[in-house]
Every structure is written in C-alpha cells, then in structure tokens.
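Please keep the sequence and the model open while reading.

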Amino acid sequence: MQGKRGSQDGVTPPGGLRAGIVRQMTPVYGSSGPRRLAGFVLACAMAVPTSCRGDVPPEPRLAAETASAFARYLEQAEARNAGELRAGTPVFWIDGLPEKDRAAAYAALKRGEVKLRQLEVRDAAGKKLECPHGMIHHWAGVIFIPDANLEDALGLLEDYNQHAKYYSPDVERSQIETHDGDHFRVMMRFRRHKVVTVVLNTEQDINYFRDSPTRAHSRSSAVRIVQVENAGRKDERERPEGDDDGFLWRMETWWRMD
C-alpha cells in the first residue's frame with residue numbers, strides 16, 4: 001500500500017509509512033531523502049511494591065506469582081494480537097477511532113506528532129488481570145514516516161549492530177549474536193537515567209513476518225534481563241536475574257508496519 005491506505009469511512013492517511021513508537025525518532029537517509037523510524041513496546045512487567053510496612057519497603061525480588069501473572073497477561077495479549085492479524089482488522093488503534101477523532105489523529109501524525117495510548121487486556125469475563133507485587137505497563141503508539149517504504153523500515157530495524165548509534169543514549173550496546181533469515185538473537189544494553197541511573201543487559205529473541213509486499217510485523221521477547229552494577233568500571237557485575245532493584249523484569253515488543 002506504499003503507506004497509502006483509505007479507511008472505510010473516507011479518512012485517508014497521508015502518504016508514507018506508519019509504525020509504532022517508544023524510542024526516539026532517528027533520521028535515516030535514503031534515495032527519497034530523510035526518513036524517520038521508531039518502534040514501540042506493548043507490554044512489560046516492572047516491579048513496583050504494592051505495600052510497605054514500617055520504614056523499609058519490601059524487597060523487589062521477582063516472585064513466582066508475579067511472573068505467573070505476567071505470563072497470563074502475555075497469553076491474552078498474544079491471543080488478541082494474533083486474532084487481529086488473522087481477521088485483518090485495522091493495523092493501528094487510531095483506525096478504530098470515530099471519524100472526527102481519526103481525522104484529527106492523522107492530521108497530528110502528518111505534523112510529526114506521536115500518538116500514544118495506554119492499553120489493557122482483560123480476561124474472558126472482562127475482569128482486570130492483577131499482577132501481585134509488580135506492575136504491567138502496556139502502551140501502543142503510532143508515528144508517520146514521510147516518504148518511507150517497508151524496506152527502509154525493515155532495513156533500519158534489522159540493523160541491530162548499529163542500534164546503539166541510532167537509539168543512544170537509551171541503547172548503550174547492541175550486537176547481533178545469531179541471524180537466520182527473519183530470526184535474530186540480539187544482545188542489548190539499556191541505560192536509563194532519571195533520579196538514578198539503571199543499566200540492564202538484555203537478550204532479545206526477534207522474529208519478523210512479511211504479511212504482504214507493503215505490510216509486516218515483528219515479535220520480540222526479552223529472554224534475559226539482568227541489572228548491571230558499577231557499569232563500565234573494573235568491578236562491573238551482573239545481579240542475579242530477578243534478584244535486583246526491580247526496575248524491569250519482563251519485556252515483550254510488537255511492531256506493525258504498514
């Protein structure tokens with residue numbers, strides 16, 4: 001569709017490519033001039049103590065019930081995503097908005113804005129899925145990339161050895177460990193600084209799927225996440241998985257490109 005896809009009620013997106021976003025937009029130069037690309041994380045589990053007694057908060061170690069709760073949530077999210085792909089429902093959540101809101105959203109995208117939305121998956125009975133001793137964040141976003149095509153997007157996404165350059169300073173290191181067709185195994189080191197600096201070593205298992213000549217999606221699982229102490233120093237060491245400060249325990253990422 002070369003990025004041009006009309007909706008059922010007449011709102012036509014501007015020409016270009018659409019993708020989700022959580023990381024910073026990065027210039028990519030090709031034959032048609034500058035393009036921008038970003039990705040989005042749909043679900044991740046982060047440790048946030050739900051109760052404190054006394055002056056000392058509970059240890060944020062990953063509990064079995066927290067991991068099980070995230071696994072249940074992930075199962076529901078995967079089922080919903082798979083169902084949407086099979087049914088051919090609109091690729092992006094903005095396509096499901098009322099006509100007036102959708103037109104405003106596409107106008108904002110054309111101006112270079114990013115549209116974000118918090119999502120939530122519930123069980124078959126409509127009940128909220130609780131995550132004891134943890135917190136699940138589920139976000140989706142959309143960005144419009146002028147003059148880009150699918151091969152441009154995939155070319156940058158799959159260039160994992162350069163992600164530390166593209167997504168610095170959030171991605172400090174990135175390296176392809178194995179690559180077989182549309183399957184990648186990638187090491188990434190994340191660094192985030194707010195009040196404190198947190199460094200995480202992760203191993204990502206990533207698969208890409210070509211849905212049509214102009215549409216694709218991907219699925220990425222962080223199969224290993226460990227917190228790094230004294231990063232960059234001689235005494236640098238990894239904390240045991242799940243026995244850390246609880247900033248990030250699980251991360252699952254989906255992309256949809258149209």
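How many bridges join S8 to S9, and do these strands run parallel or antiparallel? There are 11 bridges between S8 and S9, and the two strands run antiparallel. The model is predicted, so that local features need pLDDT of at least 70 and side-chain atom pairs count only at pLDDT 80 or more, while totals for chains, interfaces and linings use all residues. Residues are numbered from 1 along each chain as its sequence is written, and side-chain values use heavy atoms, with hydrogens and water left out.

**Strands**

- Helices (H or I, at least four residues) and strands (E, at least two) are DSSP runs numbered from the N terminus, and two strands pair if DSSP finds at least two bridges between them.
- A hairpin through 3 residues joins S8 to S9, and Met187 stands opposite Glu203 in S9.
- S9 is also joined to strand S10 (residues 215-229) by 12 bridges, again in an antiparallel arrangement, with a hairpin of 2 residues linking them and Tyr208 standing opposite Ser218 in S10.

**Aromatic contacts**

- The whole structure holds 3 aromatic pairs, where rings of Phe, Tyr and Trp (its six-membered ring) pair if their centres lie within 6.5 Å, and planes under 30 degrees apart count as stacked, over 60 as edge-to-face and the rest as tilted.
- Phe184 and Tyr208 form an edge-to-face pair, at 5.9 Å centre to centre and with 75° between the planes.
- Because Phe184 lies in strand S8 (residues 183-193) and Tyr208 in strand S9 (residues 197-212), this pair ties together parts that are 24 residues apart in sequence.
- Phe184 is buried at 1% relative accessibility, and Tyr208 is buried at 5% relative accessible area; buried means under 20%, exposed over 50% and partly exposed in between (1.4 Å probe, protein chains only).

**Nonpolar cores**

- A nonpolar core is a set of buried Ala, Val, Leu, Ile, Met, Phe, Trp, Tyr and Cys residues joined through side-chain atoms within 4.5 Å.
- The largest core has 24 residues, and Tyr160, Tyr208 and Met257 have the most contacts inside it.
- At least two residues of this core come from each of helix H3 (150-157), S8, S9, S10 and strand S12 (250-257), and H3 gives the most, with 5 residues.
- A second, separate core of 10 residues includes Ala69, Ala77, Val121 and Leu129.

**Exposed residue**

- Leu116, in strand S5 (residues 115-118), is exposed, with a relative accessible area of 53%.
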